[in-house]
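Trainee: I am new to this structure, and I would like to understand how the words used for it follow from the values.
Mentor: Then let us take the terms one at a time and set each against its cut-off.

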Amino acid sequence: MNCTSCKAGVLTAGFIDGQFKAHTCTKCGGIWILVEDFVAWKDKNPDFHFPTDTQWSEDEAADSTKALLCPMTGVIMRKCKVTAKTSHRIDYSHAVGGIWLDKGEWQLLKAEGVAGVLNNVVTQQWQNNLRSQSASHNFAEIYEAKFGGETYAKIKEIRAWLDSQPNKADLRAYLFAENPYSATL
């Protein structure tokens with residue numbers, strides 16, 4: 001197979017970290033993994049955990065931003081976010097269940113603690129969860145910028161306390177009433 005990313009290298013068979021089958025590009029160092037190979041290896045090694053203390057930085061990994069074609073079928077692969085913390089995306093071929101990792105992204109997966117659940121990263125559930133986390137993080141940044149750090153921390157504390165009260169609806173009504181001691185609207 002030819003490399004889907006650099007188009008100059010050839011994908012040669014081997015193993016990732018000596019654990020499961022993969023193909024590595026002879027030119028750019030990208031890695032092609034079939035999910036079925038990963039899952040078969042994982043089923044045989046359920047107690048194996050990849051180290052998460054891997055050193056990794058943004059500068060060490062390539063991240064193809066252009067659409068890549070599946071090296072087996074030629075179909076456009078889908079970009080999948082890895083974690084909410086990183087902007088890196090891996091490429092997934094739904095047609096064959098293959099994952100393309102740019103050079104250095106395997107180290108990223110280990111550093112982020114998701115190498116052992118690589119097959120989950122490409123699921124819709126994983127991607128939806130990341131979108132939700134990202135939205136929550138964005139709202140938190142907006143509120144902190146709007147209220148200031150100290151005020152935002154205090155209002156979060158008040159909100160948590162209020163949410164823990166059995167009569168929270170009545171407490172909210174009291175707080176938001178123009179005059180809670182008046183019988184008139």
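**Aromatic pairs, burial and a helix crossing**

Mentor: In this predicted model, the count of aromatic pairs comes to 13, where rings pair if their centres lie within 6.5 Å.

Trainee: What makes Phe-20 and Phe-50 an aromatic pair that is called edge-to-face?

Mentor: The centres of Phe-20 and Phe-50 are 6.5 Å apart and the angle between their planes is 80 degrees; planes over 60 degrees apart count as edge-to-face, and therefore the name applies. Phe-20 belongs to strand E2 (residues 20-25), while Phe-50 sits in the loop between helix H1 (35-44) and strand E4 (78-81), so the pair ties together parts that are 30 residues apart in sequence. Both Phe-20 and Phe-50 are buried.

Trainee: Why is the pair of Phe-20 and Trp-106 called edge-to-face?

Mentor: Their ring centres are 5.7 Å apart and their planes stand at 75 degrees, so this pair is edge-to-face, given that the term begins over 60 degrees. With Phe-20 in strand E2 and Trp-106 in helix H2 (residues 105-111), the pair links distant parts of the chain, 86 residues apart. Phe-20 and Trp-106 are both buried, and they belong to one aromatic cluster formed by Phe-20, Phe-38, Trp-41, Phe-48, Phe-50 and Trp-106.

Trainee: How do you know whether Leu-68 is buried or exposed?

Mentor: Leu-68 has a relative accessibility of 0%, and buried means under 20%, so Leu-68 counts as buried. Leu-68 is found in the loop between H1 and E4, and, leaving aside residues up to four places away in sequence, Leu-68 touches Thr-4, Ser-5, Val-75, Ile-76, Met-77, Lys-79, Asp-91 and Trp-100.

Trainee: Why is Lys-7 called exposed, and why is Asp-17 called partly exposed?

Mentor: Lys-7 has a relative accessibility of 57% and therefore counts as exposed, whereas Asp-17, at 40%, counts as partly exposed, because that term covers values between 20% and 50%. Lys-7 lies in the segment before strand E1 (11-16) and has a positive phi of about 65 degrees although it is not a glycine. Asp-17, in the loop between E1 and E2, is a residue other than glycine with a positive phi, near 50 degrees.

Trainee: Why are helices H4 and H5 described as oblique to each other?

Mentor: The axes of H4 (residues 124-147) and H5 (residues 149-163) come within 6 Å and cross at roughly 120 degrees. Roughly perpendicular runs from 65 to 115 degrees and roughly antiparallel begins over 145, so the two helices are oblique. H4 passes H5 in a right-handed crossing.

Trainee: Which residues of H4 and H5 meet there?

Mentor: From H4, Ala-140, Tyr-143, Glu-144 and Phe-147 meet Gly-149, Thr-151, Tyr-152 and Ile-155 of H5. The residues of this contact divide into five nonpolar, two polar and one charged.

Note on methods:
Residues are numbered from 1 along each chain as its sequence is written. This is a predicted model: local features need pLDDT of at least 70, side-chain atom pairs count only at pLDDT 80 or more; totals for chains, interfaces and linings use all residues. Side-chain values use heavy atoms; hydrogens and water are left out. Axes are lines fitted to C-alpha atoms, for helices over the stretch in contact, and angles run from 0 to 180 degrees between N-to-C directions. Helices (H or I, at least four residues) and strands (E, at least two) are DSSP runs, numbered from the N terminus. Angles under 35 degrees count as roughly parallel, over 145 as roughly antiparallel, 65 to 115 as roughly perpendicular and the rest as oblique. A crossing is left-handed if the near helix is turned anticlockwise from the far one by less than a right angle, and right-handed if clockwise. Contact means heavy atoms within 4.5 Å. Ala, Val, Leu, Ile, Met, Phe, Trp, Tyr, Cys and Pro count as nonpolar, Asp, Glu, Lys and Arg as charged, and the others, Gly among them, as polar. Rings of Phe, Tyr and Trp (its six-membered ring) pair if their centres lie within 6.5 Å; planes under 30 degrees apart count as stacked, over 60 as edge-to-face and the rest as tilted. Buried means under 20% relative accessible area, exposed over 50%, partly exposed in between (1.4 Å probe, protein chains only).
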